[in-house]
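I opened this entry to keep track of what I looked up in one model. The notes follow the order in which I checked things.

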Amino acid sequence: MIKMTVVFLFFLVLPSSYASITSASIFKEMQSTNPGVISGRTAATFSALVKKDQITIEQSDLSAGPLGAGSSFESSIDIINYSAFYGGKGGGLTTEIFAETGSGGKNDKVIEPGNTIEYTTDSSLTNMSIGLGLFKGLGISLLKVDAEDIQSVNGTLGGSTVSINTTSETSVTGFTIGTAFNLGLDYGFFYQKADYETKTNVVYASGSGNGEISGDRVGLGVGHANKVFRAEVGYVRNVKAMNAGDSGELTPSMIEFTAEAKLGKLKLGYTGRYMMDGFFLYRNILFNVLAYQGTNEARLDNTFNFSYGSDSKGHSFSGSVSIGTTESEQTQNLISSDNTKYKTVTSSKSFSLSYSYIF
């Protein structure tokens with residue numbers, strides 16, 4: 001059972017957002033999920049963003065496990081990302097370019113009566129994607145994401161000496177081809193060929209280690225768009241099932257809903273993503289590795305967009321604050337002998353500032 005309570009103070013347009021399967025977004029700063037809609041962009045744009053995430057994870061009662069009464073776990077994560085996005089004006093051959101660099105730190109504490117042991121993780125990220133709209137309704141894109149985690153811990157846990165110094169590397173290389181067309185309603189379809197690779201010299205209780213798996217995905221959507229309103233529903237699913245340990249084989253998938261409206265110079269939008277069986281966005285790989293690796297719980301991500309200004313040319317500045325809490329049942333991955341699932345509370349805050357120029 002998963003319980004989610006989310007409160008969003010405000011969430012302005014972010015160039016790192018993307019949710020366009022059936023038609024180009026009203027928000028010019030949005031990168032296209034389906035490269036088949038790239039050539040439908042009505043104006044060119046350049047955007048730059050700085051974003052900071054703060055996440056805490058708590059398992060306040062580990063007494064059912066080997067550490068006994070009075071034991072607990074807490075984790076704090078800080079991530080900062082810098083990104084830039086360019087999208088050309090459509091109508092023919094159209095280009096989208098996205099580049100991002102990020103870094104993060106994670107501090108885990110396993111607490112038992114009279115003793116605390118800390119695990120420290122330093123992470124870094126590089127992300128690059130290039131999309132090309134060949135003509136209206138057909139496009140291709142390339143994706144390359146690399147993340148590195150360096151973990152160290154020295155201490156005593158459960159009466160045993162623990163000493164770990166390890167480096168884990170995660171990478172995704174992807175190629176996507178997509179199409180979009182109108183038959184009364186807007187339809188979109190894309191296929192992503194992706195290789196997901198991990199390299200590490202440590203194995204956790206949930207099962208991890210070196211390996212290369214198929215991250216191929218297929219996505220489809222249906223929607224409607226005009227000059228002042230756009231809405232679509234999309235479904236994205238991994239092509240192959242993945243081994244999820246005690247949960248058996250699972251096929252990660254996501255349901256996505258987007259609604260956007262334009263009221264003069266004011267533009268409003270919402271995108272909700274319900275991610276199931278360990279699904280995550282490849283562009284958010286650093287966030288996923290630090291906060292959600294090892295869990296297959298379903299979760300809901302929400303994005304609210306706001307923009308005010310000219311739709312064809314001009315400057316804009318924006319920022320964001322979001323606050324969310326998720327409750328789930330998870331194992332304690334840092335204790336190899338423990339397969340018990342504990343109540344886990346994950347709380348997140350995000351802050352961002354961005355600049356955009358439409359031309």
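The entries below go from the whole chain to single residues and pairs.

**Overall.** I note at the start that this is a predicted model. I counted 1 helix and 18 strands in the protein chain. Of its 359 residues, 49% count as buried. I then looked at contacts with a separation of 6 or more, and residues 24 or more positions apart account for 66% of them. The chain exposes about 16,000 Å², and carbon and sulfur atoms supply 58% of that area.

**Confidence.** I read a mean pLDDT of 82 for the chain, with 88% of the residues at 70 or more. Which stretches stay under 50? I found residues 1-17, for which the model has 73 contacts beyond four places in sequence. I also found residues 203-208, with 13 such contacts.

**Cores.** I took the largest nonpolar core next, which has 31 residues. Val110, Tyr119, Leu157, Val172 and Ile285 touch the most other members. The elements giving two or more residues to this core are strands 2, 3, 5, 6, 7 and 8 together with helix 1 (285-291). A second, separate core has 7 residues, among them Ile21, Phe190, Met275 and Leu281. I then listed what Tyr119 touches, leaving out residues up to four places away in sequence. The list includes Lys106, Asn107, Asp108 and Val110, as well as Gln151, Leu157, Val162 and Leu334.

**Leu49.** I located Leu49 in strand 2 (residues 45-59).

**Nonpolar patch.** On the surface I found a nonpolar patch with about 830 Å² of accessible area together. Its members include Phe181, Leu183, Leu185, Tyr187, Val222 and Leu300. Strand 7 (160-183), strand 8 (185-199) and strand 14 (253-263) each supply at least two of its residues. I checked Tyr187 separately: this residue lies in strand 8 and is partly exposed, with a relative accessible area of 30%.

**Salt bridges.** How many salt bridges are there? I have 9 in the count. Lys52 pairs with Asp78, with the closest N and O atoms 3.7 Å apart. This pair links distant parts of the chain, since Lys52 is in strand 2 and Asp78 in strand 3, 26 residues apart. Lys52 has 32% relative accessibility and counts as partly exposed; Asp78 also has 32% and counts as partly exposed.

I noted Glu197 with Lys199 as another salt bridge, at 3.9 Å between the closest N and O atoms. Glu197 is partly exposed at 26%, and Lys199 is partly exposed at 43%.

The side chains of Arg273 and Glu256 meet in a salt bridge of 2.7 Å, N to O. Arg273 lies in strand 15 (residues 266-276) and Glu256 in strand 14, so the pair ties together parts 17 residues apart in sequence. Both Arg273 and Glu256 are buried.

My last entry is a network of salt bridges that links Arg230, Glu232 and Glu260.

Conventions: Residues are numbered from 1 along each chain as its sequence is written. This is a predicted model: local features need pLDDT of at least 70, side-chain atom pairs count only at pLDDT 80 or more; totals for chains, interfaces and linings use all residues. Side-chain values use heavy atoms; hydrogens and water are left out. Helices (H or I, at least four residues) and strands (E, at least two) are DSSP runs, numbered from the N terminus. Buried means under 20% relative accessible area, exposed over 50%, partly exposed in between (1.4 Å probe, protein chains only). Contact means heavy atoms within 4.5 Å. Accessible areas come from the Shrake-Rupley method with a 1.4 Å probe; for residues, only the protein chains shown count as cover. pLDDT is the predictor's confidence in each residue, from 0 to 100. Patches are made of residues with over 30% relative accessible area and no salt bridge: like charges are joined within 9 Å, nonpolar side chains (Val, Leu, Ile, Met, Phe, Trp, Tyr) within 5 Å. A salt bridge is a side-chain nitrogen of Lys or Arg within 4 Å of a carboxyl oxygen of Asp or Glu. A nonpolar core is a set of buried Ala, Val, Leu, Ile, Met, Phe, Trp, Tyr and Cys residues joined through side-chain atoms within 4.5 Å.
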